Amino acid sequence: MSDTSLISLPPAAEAELVRRLQARDESAMTLFYERYSAALYGVIFRIVKAEDESEDVLQEALVKIWHAFASYDPSKGRLFTWVLNICRNLSIDKIRSRQHRVGSRTQGLDDSLTAQRQAAPTSFRPEHIGLQEITKKLVPEQRQIIDLLYFEGFTQSEVAEELNIPLGTVKTRARTAIKVLSKLIR
Amino acid sequence: MENFQDYFESGILEQYALGELSPAEQAEVEAKAAAHPEIREELAQVQAALGFYAEAHAITPPAGMSERVLTNVLAQIAAPAANTSLRNEVDAVAAQVAPVAPEAGVRPMYAAPAEAPASRSWAIAASVALLLSLLGNALLYTNWKSASSELVALQNENSRFATTTTVVEKKLDDLRQENQVLRNDEFHAVALAGTKAAPSAHARVLFNAATHKVYVDVRSLPALPAGKQYQLWALDKGKPIDAGVLTVATATGEGLQHMKDIASAQTFAMTVEPAGGSVNPTLTTMTVVGNI
């Protein structure tokens, strides 16, 4: 993945990739996979937390992305944002159907956070952009909220309920955390 | 800028980026972002920040997984008939449409680079048209399916109704005949009263001396043991003549029964006989009897 981060992938390169994918150039799919699979797999794995199921979701997501490319509108957002959302949605659907199967709707917060802490160190690449920086810059409360929102698929109201804090506080912390993150990009 | 600040503070852009909003709310945010560059910029920042966060958590898929996933994905997007048949149809339509473009009237000098996008937009237009038509067909097909199953249901109902009507008509015909018998002056009503064996038994015989027709009309008869049937006898000058056996329906008083023709009789009587009737009456079982 060299030093080019996906969110700062040169617009021309992204546009070219989108053009080829929308023209249904199958070889572009391999290129797409090389560029995006680590980021997508990282998100899927942190949500789903099981390797075999993550593999299923990744595969399903890529097929879905391929077939949905016609509906991707570059003017509405970056390619990375769009594909991330597809992967997040599929992953969240996966854990919800699993929780539904097991019968308990929401996992206990402690369980989910422990699971996440255990899951995280397996194979993330510490040399990769920003994770240490993020850990340094985000206060634990902010990080916890972002993790619940982003990796656990909680809504802001669910986070408020889970952490027993006002919804307004959740909104403020989430916004502040996102501001901190966007400063780190530059 | 002030009111945008309030809008940003509401946290709706974060909710949008995290996929928390309903489709209607999403559309609203998209419309606002399209109308106001400030909102578009803010939303892009939120999305980029989350993308950055996601990317910071990247994990290279374990060895072997990439090959499997990529192979499966390429196989699925290349091969499947179900998915590609639509694709082929779209391509076919696009191919038919595309050659028209260069021939159509004035062609700008810089047409060469523009040609690909033009045919692509034709292809997209054709795809959209085909998709709409397929959706329309799917809708029509669904409607047609439900209409045809409704038709089958109606046909069943109709044939059931026809059967009922036939049954009713037959009953009506029976009643009409009975009515004719009952109203006909030529018929002589013979009351049959219960014997000592069955004092409460009561029946009538309707006898037409001119046409020799005999009908029996039961009011009340004792229930029969299994394997037995009531048999009607005409007595002509003391000699018993078989007038036929009564059906179960007749014996329970459901209606008139047309019996065998009798040329001449002075007395009618009923006995209990083995099912199917006897040649000679079993006089000990005589239940009702009456004289003309």
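This is a predicted model: local features need pLDDT of at least 70, side-chain atom pairs count only at pLDDT 80 or more; totals for chains, interfaces and linings use all residues.
1. A cavity here is a set of points, on a 1 Å grid over the protein atoms alone, where a 1.4 Å probe fits but cannot get out. Grid points are joined across faces, edges and corners, and the volume is the space filled by probe spheres set on the points.

2. The residues that line the second largest cavity (an atom within 4 Å of a point) are Arg175(A), Ile178(A), Lys179(A), Ser182(A), Glu14(B), Glu42(B), Gln45(B) and Val46(B). Two or more of these come from each of α9 (167-185) of chain A and α4 of chain B. Helices are DSSP runs (H or I, at least four residues), numbered from the N terminus. With four residues, α9(A) gives the most.

3. By class, this second lining has four charged, two polar and two nonpolar residues. Ala, Val, Leu, Ile, Met, Phe, Trp, Tyr, Cys and Pro count as nonpolar, Asp, Glu, Lys and Arg as charged, and the others, Gly among them, as polar.

4. The largest cavity holds about 60 Å³. Its lining includes Thr81(A), Leu84(A), Asn85(A), Arg88(A) and Tyr150(A), and from chain B Ala17(B), Gln47(B), Leu50(B) and Gly51(B). The elements giving two or more residues are α4 (79-102) of chain A and α4 (37-56) of chain B; α4(A) gives the most, with four. The lining has four nonpolar, four polar and one charged residues.

5. In total, the structure has two cavities of 30 Å³ or more.

6. Residues are numbered from 1 along each chain as its sequence is written, and chains are lettered from A in the order in which they are written. Local features need pLDDT of at least 70, side-chain atom pairs count only at pLDDT 80 or more, totals for chains, interfaces and linings use all residues, and side-chain values use heavy atoms, with hydrogens and water left out.

Definitions and conventions. On a 1 Å grid over the protein atoms alone, a cavity is a set of points where a 1.4 Å probe fits but cannot get out, and a pocket is an open set with protein on both sides within 12 Å along at least five of seven lines; lining residues have an atom within 4 Å of a point.
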